[in-house]
Amino acid sequence: MLRKKPLFAALATCALLLSACGNANDSKSGSGAASPSASAKASEKPSNVELRMAWWGSQERHDKTLAAIELFEKQNPNIKITAEYSGMDGYFDKLNTQIAAGNAPDLIQMGGNIMEYVGRNALLDLQPYVGNAIRLEDFDQSLINEATADGKLYGVTLGVSQTALLFNATMFNKAGVPVPNGESWTFDDFKNSALQISEKLGKGFYGSYDLSSDNASFTTYLAAHGKELYRSGELKFDKQDVVNWFSMWDELRQAGAIVPAEVQVANPPDAVDKSLIVKGQVAIQGASASQIFGYQALTEDQLGLLPNPAGPAGNGMSPPVSGQFITSYEGTKYPEEVAKFMDFMVNDPEAAVILGSTRGVPPSAKIRDALSAESTPVDKILYDYISLATKISTGNGYEHFPYDNEFIKLLKLTSEKIAFGAASIDSASEEFMTEMQKMLARANQ
Amino acid sequence: MTIPKNVKNGLLHLLILALGALMLYPVLWLISSSFKPTTMIFTDKNLWPSSFTLEHYKSGWSGLRNIQFGNFFVNSIMLCVIAVFGVVLSSSMAAFAFARIDFPLKKLWFALMLGTIMLPGHVTLIPQYIIFHELDWVDTFLPLTVPKFFAEAFYVFLIVQFIRGIPKELDESAKIDGAGWFMLFFRIILPLCTPALVTAAIFTFLGTWDDFFGQLIYLSDIKKFTVPLGLRLFLDSSGNSNWGAVFAMSVLSIVPSLLIFFAGQRYFTQGIATSGLKG
Amino acid sequence: MGKYKTYLAGYAFLLPWLIGFFALTLGPIIASLYLSFTKYDLLTSPEWIGTKNYVSMFTDDYRLKDSIWVTMKYVFLSVPVRLSFALAIAMLLNQGLRLLNLYRTIYYIPSLLGGSVAISVLWKQVFDKEGVFNQGLAMVGIEGPAWISSPSYAIYSLIGLSVWQFGSVMIIFLAGLKQIPTELYEAATVDGAGKVRQFAKITMPLLTPVLFFNLTITLIQSFQTFTKAFIISGGSGGPINSTLLYSLYLYIKGFTFLDMGYASAMAWVLLFIIAIITGLLFLSSRYWVFYSDGGK
């Protein structure tokens with residue numbers, strides 16, 4: 001079970017050398033090399049269980065999660081949970097280091113990159129606990145599918161979210177442009193709204209951010225045009241789709257309807273406190289729906305959520321996805337207690353009240369209903385949006401590109417090259433396709 | 001040469017201050033922002049805040065559940081003090097060996113030592129973590145302090161350069177007086193390269209104070225968190241960053257380094273008189 | 001003292017470093033060399049692939065070319081500017097003026113901020129399109145570009161940051177200046193040598209060991225600059241790779257793209273480059289660095 005590497009053995013020698021030099025002043029140093037997991041896993045019902053849980057987030061999330069942990073410890077006096085929380089900076093660097101050394105926390109908060117870890121056997125198979133310790137009856141199937149590979153479940157959704165277009169309703173009103181009907185709006189509607197807003201409000205105001213670099217917008221665009229980014233080892237789009245995509249944005253750029261490249265780099269939409277939507281200068285940007293809390297907290301303007309526009313093949317949106325999962329390290333000593341805590345996080349009514357929507361919309365329908373009485377106006381916007389997205393989604397679920405992070409960076413680079421005029425649409429798209437093919441070849445090796 | 005001395009000095013002061021103002025502007029902006037109400041931080045461009053608040057200092061200092069920011073300061077200062085002691089002692093020893101003593105393979109060791117700082121730390125991070133994990137030192141202060149007692153190349157090189165600036169006749173006369181290597185090191189060389197030692201101490205303090213990545217990787221328990229880790233707790237990529245608190249605590253976090261610098265700098269201002277020893 | 005006793009003393013003083021080298025440093029260095037010949041994604045065991053990482057570095061990496069170009073520009077512009085600025089200020093602060101303690105501190109404060117998270121915001125305030133720097137330029141009738149967010153200028157804002165934090169280099173120069181025995185100047189003044197001559201004949205030669213140190217170390221550190229580029233570009237190295245310093249790209253490869261084998265290969269190539277340059281510096285040092293201990 002413990003993941004011993006060749007690397008390990010050699011470095012352990014160094015460690016021994018060090019302790020032999022008399023600098024290891026703690027008595028425990030010798031035991032480090034022994035495998036702790038095998039023996040402990042066999043034992044039944046341990047009386048004193050210590051679990052480590054890692055997550056990233058804001059101060060508010062830290063406070064609420066700590067309160068929930070305290071409640072859990074009260075209910076289960078034999079289990080103690082050590083919290084290891086931090087900001088997002090370096091969270092995954094640390095996690096990767098810990099996994100490489102076989103020292104990862106028992107409970108790990110994960111994002112959309114869960115499959116990278118599943119594919120590399122870093123996470124615990126939760127399937128044996130589904131139905132008993134972990135109850136998922138009130139979960140949408142799509143949320144379960146997302147963390148499932150080869151019929152095994154690897155993560156429990158902590159919060160539901162969905163890609164969305166975040167818009168500044170106050171700006172729409174100021175410009176006298178009607179807020180579009182999310183259920184039916186198309187790319188033409190999107191273009192018109194953006195053009196009108198920038199025209200009415202004048203210099204320094206823009207209808208939309210330049211979303212040509214936004215991977216979620218790009219993939220839904222492909223789906224709305226009957227294509228896909230990737231499925232089963234193949235790219236499901238061609239260069240013409242890429243050219244069309246960038247041409248659409250270039251047209252808006254020439255018309256002054258979207259944020260110019262320099263301004264966008266200086267005020268990236270994904271950095272909440274730099275986003276111009278908060279300052280009332282840009283009306284539309286891409287975001288994950290649950291992020292609306294962060295943006296709304298920084299502005300007096302009224303913000304709202306819209307789905308991506310529809311194309312000839314319909315809306316192209318995938319069914320709602322998990323914003324975050326709780327997963328467990330494959331090397332944990334206490335899988336049962338881990339499962340128990342996971343269930344607590346998503347199904348315990350008291351915990352639900354404590355946690356609120358600090359990780360997005362609660363995944364369990366029952367909990368959602370119970371919470372709706374106390375929901376804030378922003379909660380309501382988010383809940384309504386998730387319902388709408390569930391209703392109109394047509395895509396059959398997004399299959400992650402094997403080198404997702406590299407694809408995201410490549411799209412951004414291509415978009416910047418075009419926006420800054422460093423390359424023509426045609427040559428940049430050509431290069432984009434070449435690099436995508438190279439990655440694909442690497443993945444299929 | 002007809003310019004009166006006080007006019008020349010006045011011009012010098014003016015030049016230094018003008019340049020200094022340029023250097024300081026961003027820092028003054030930081031300090032001013034830490035006193036501005038949240039809504040004004042990014043909108044009010046004036047350096048002098050039109051309304052003052054101490055809110056960020058309060059929320060930064062005690063706004064975290066179960067822990068006060070003061071704890072982070074205590075941990076950071078402790079780490080830094082140990083590091084300074086370890087680095088200065090071990091590095092000056094190694095430097096003395098390289099600069100003054102002849103022994104086989106000296107050049108090889110020196111080249112290897114410099115080589116160690118030419119490899120980017122990101123690729124040795126994980127192997128190093130594995131070693132510390134095997135020693136069961138993870139989530140203790142040991143990985144961040146023990147290595148400091150094994151000399152750091154940067155400081156060894158620095159001190160070597162300074163020791164080599166000290167005339168060798170001093171050694172010879174000391175040896176004639178019957179001093180051994182240890183006497184020579186502690187009684188003659190160390191006092192004479194005080195500026196270098198103080199420099200090394202200040203840099204070590206700062207470097208340790210600032211070492212976000214190392215501390216992030218090795219420390220997990222919030223009770224062991226240091227100032228850089230504490231500051232990151234106010235930031236969240238998905239929203240709700242408390243920039244006010246970040247600024248306020250950043251201002252406070254400069255203070256210890258500033259005090260150390262202030263205390264240490266008189267050692268640069270006094271020249272070292274080597275003549276007294278010679279005679 | 002006997003020969004062997006001297007050897008023993010040498011190794012005794014070197015012992016702390018030797019322990020650390022063999023116990024903590026050497027293992028990870030060898031490990032990274034081994035990893036550079038593998039495909040290693042951190043989460044699963046490394047897999048031996050021979051020289052493939054090295055080959056694809058030189059044949060098949062469009063980002064690496066950008067990255068090397070950016071790094072060269074950064075190193076060869078920032079190092080001379082930073083060093084001469086630091087030396088000039090150190091000389092300025094070494095005149096027996098009053099208030100010197102205060103001035104030194106003022107110039108050192110920017111360096112105290114180091115890699116603080118606040119820097120990203122500070123720097124944007126100064127070098128944004130509407131930032132203070134451009135406001136200053138506007139006063140003399142120049143319309144400044146967007147220093148941080150334009151692909152052609154972003155590297156200069158990075159160089160600016162490196163020069164701004166020149167404090168540590170300055171301190172080393174100051175310490176070096178202080179080590180020069182004052183009686184040398186006194187004697188020179190008696191002999192009727194002017195300030196310029198004193199600088200050329202006393203200050204510069206005696207400062208060469210420190211200058212050599214600063215040059216070598218600043219070069220090594222500049223090649224490896226990571227935090228500044230990470231903070232300024234939000235970890236992306238953008239826009240259009242214009243701030244993608246070598247170490248930042250290495251980090252992205254290793255930790256974001258989970259290709260630690262490739263990152264290790266990159267690290268060893270960098271080591272090789274730095275070692276050659278440092279080696280040349282050391283060779284040249286015997287012609288221009290003067291040690292009071294008479295050695296070369």
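How far apart do the C-alpha centres of domain 1 of chain A and domain 2 of chain A lie? In this predicted model, the answer is 29 Å.

I'll stay with chain A for a moment. Domain 1 is made of two segments, 50–161 and 322–392. Domain 2 is written as 163–316 plus 401–444. Where the two domains of chain A meet, 13 residues of domain 1 are in contact with 13 residues of domain 2. On the domain 1 side, the elements that give two or more residues are β6, residues 155–161, and α16, residues 377–392. Of that side, α16(A) gives the most, with eight residues. By residue class, the domain 1 side has nine nonpolar residues and four polar ones, and no charged residues.

Next, chain B. Domain 1 of chain B covers 1–33, and domain 2 of chain B covers 59–278. Taken over C-alpha atoms, the centres of these two domains are separated by 31 Å.

Chain B also touches chain C. How many residues of chain B are in contact with chain C? The count is 79 on chain B, against 78 residues of chain C. What gives the most to the chain B side of this contact? That is helix α1 of chain B, residues 5–34, with twelve residues. The chain B side divides into 54 nonpolar, 19 polar and six charged residues.

To recap the two contacts: within chain A, the domain 1 side has no charged residues, while the side of chain B that touches chain C has six.

How values were computed. Residues numbered from 1 in each chain as written. Chains lettered and ligands numbered in written order. Predicted model: local features only at pLDDT ≥ 70, side-chain atom pairs only at ≥ 80, totals over all residues. Contact = placed C-beta atoms within 7 Å. Helix = DSSP H or I, 4+ residues; strand = E, 2+ residues; numbered from the N terminus. Nonpolar A, V, L, I, M, F, W, Y, C, P; charged D, E, K, R; others polar. Domains from an automatic or database assignment.
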